[in-house]
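Work through the exercises below with the model open beside you. Try each task before you read its solution.

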Amino acid sequence: MPFSHDMVHSLATVVDLVNSPPGDLEELGALVLRRQVSGVEFVNATDLAEVQTLSAAFHEVFTSPDEDVAVTRLNTLLGRTRITPSLTRHDGFALHVHYFAPGASLAEHLAADCGVALAHVLVEGEWERLRTCSAPDCANVFVDESRNRSRVYCDSRTCGNRMHVAAYRARRRA
């Protein structure tokens, strides 16, 4: 499934949010900068609490036991979000769609843009692309963008490499 730039960005943002939920205002500010969340000038304690709750809700979507549960969980999340689609250009990006309402809180902004991206994945029948890392000591989530849906690790350089080295060593010992 080819993903547009907007969708890739929003999916990477939701993965980042789930895998590294901000623990304090500094981490939340770093997330906003790292993910280039537009229109956010400052963050406060309310934003932090709301984004932490949102992170947990997105985690539940990724770890749903089946597509129907994922749809129900995502619909619940989206149902609490004001969504106002608008076309925009900013920060050197081509024309794209923002889904958050004007004046939306940071959590609503993330819920709208990331939630709609996840909704598109589900609508396209690609629920199985929402995954949890197969490494036994890792609980990170990821979106499998591989052509043949074969990715099993959140990061091939860390978890993937570690698991391959462990398998190699086990074969050498046998």
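**Exercise 1.** Are H3 and H4 roughly parallel or roughly antiparallel to each other?

*Solution.* Two notes on conventions come first. This is a predicted model, in which local features need pLDDT of at least 70, side-chain atom pairs count only at pLDDT 80 or more, and totals for chains, interfaces and linings use all residues. Residues are numbered from 1 along each chain as its sequence is written, and side-chain values use heavy atoms, with hydrogens and water left out.

Step 1: find the elements. Helices (H or I, at least four residues) and strands (E, at least two) are DSSP runs, numbered from the N terminus. H3 spans residues 45-62 and H4 spans residues 67-79.

Step 2: take the geometry. Axes are lines fitted to C-alpha atoms, for helices over the stretch in contact, and angles run from 0 to 180 degrees between N-to-C directions. The axes of H3 and H4 come within 8 Å and cross at roughly 155°.

Step 3: classify. Angles under 35 degrees count as roughly parallel, over 145 as roughly antiparallel, 65 to 115 as roughly perpendicular and the rest as oblique. H3 and H4 are therefore roughly antiparallel.

Step 4: assign the hand. A crossing is left-handed if the near helix is turned anticlockwise from the far one by less than a right angle, and right-handed if clockwise. The crossing of H3 and H4 is left-handed.

Step 5: list the contact (heavy atoms within 4.5 Å). H3 supplies Leu 54, Ala 57, Phe 58, Glu 60 and Val 61, while H4 supplies Ala 70, Arg 73, Leu 74 and Leu 77.

Step 6: sort by class. Ala, Val, Leu, Ile, Met, Phe, Trp, Tyr, Cys and Pro count as nonpolar, Asp, Glu, Lys and Arg as charged, and the others, Gly among them, as polar. The contact of H3 with H4 has seven nonpolar, no polar and two charged residues.

**Exercise 2.** At what angle do H3 and H5 pack, and how far apart are their axes?

*Solution.* Step 1: read off the packing. The angle is about 15°, and the axes of H3 and H5 are 9 Å apart. H3 is therefore roughly parallel to H5.

Step 1: assign the hand. H3 passes H5 in a right-handed crossing.

Step 2: list both sides. From H3 come Asp 47, Glu 50, Val 51, Leu 54, Phe 58, Val 61 and Phe 62. They meet Leu 106, Ala 107, Leu 110, Ala 111, Cys 114, Gly 115 and Leu 118 of H5.

Step 3: count the classes. The contact of H3 with H5 holds 11 nonpolar residues, one polar and two charged.

**Exercise 3.** Is His 109 buried or exposed?

*Solution.* His 109 lies in helix H5.

Step 1: apply the scale. Buried means under 20% relative accessible area, exposed over 50%, partly exposed in between (1.4 Å probe, protein chains only). His 109 has 6% relative accessibility, so it counts as buried.

Step 2: find the contacts. Leaving aside neighbours within four places in sequence, His 109 touches Val 37, Ser 38, Phe 100 and Ala 104.

**Exercise 4.** Which side chain makes a polar contact with that of Glu 126?

*Solution.* Step 1: locate Glu 126. It sits in the loop between helix H5 (106-123) and strand S3 (130-132).

Step 1: check the accessibility. At 9%, Glu 126 counts as buried.

Step 2: name the partner. A polar contact is a pair of N or O atoms within 3.5 Å; within protein, one must be able to donate a hydrogen and the other to accept it, and residues adjacent in sequence count only if both atoms are side-chain atoms. The partner is Arg 129, at 2.8 Å.

Step 3: Glu 126 and Val 143 are 17 residues apart along the chain, with C-alpha atoms separated by 9.9 Å.
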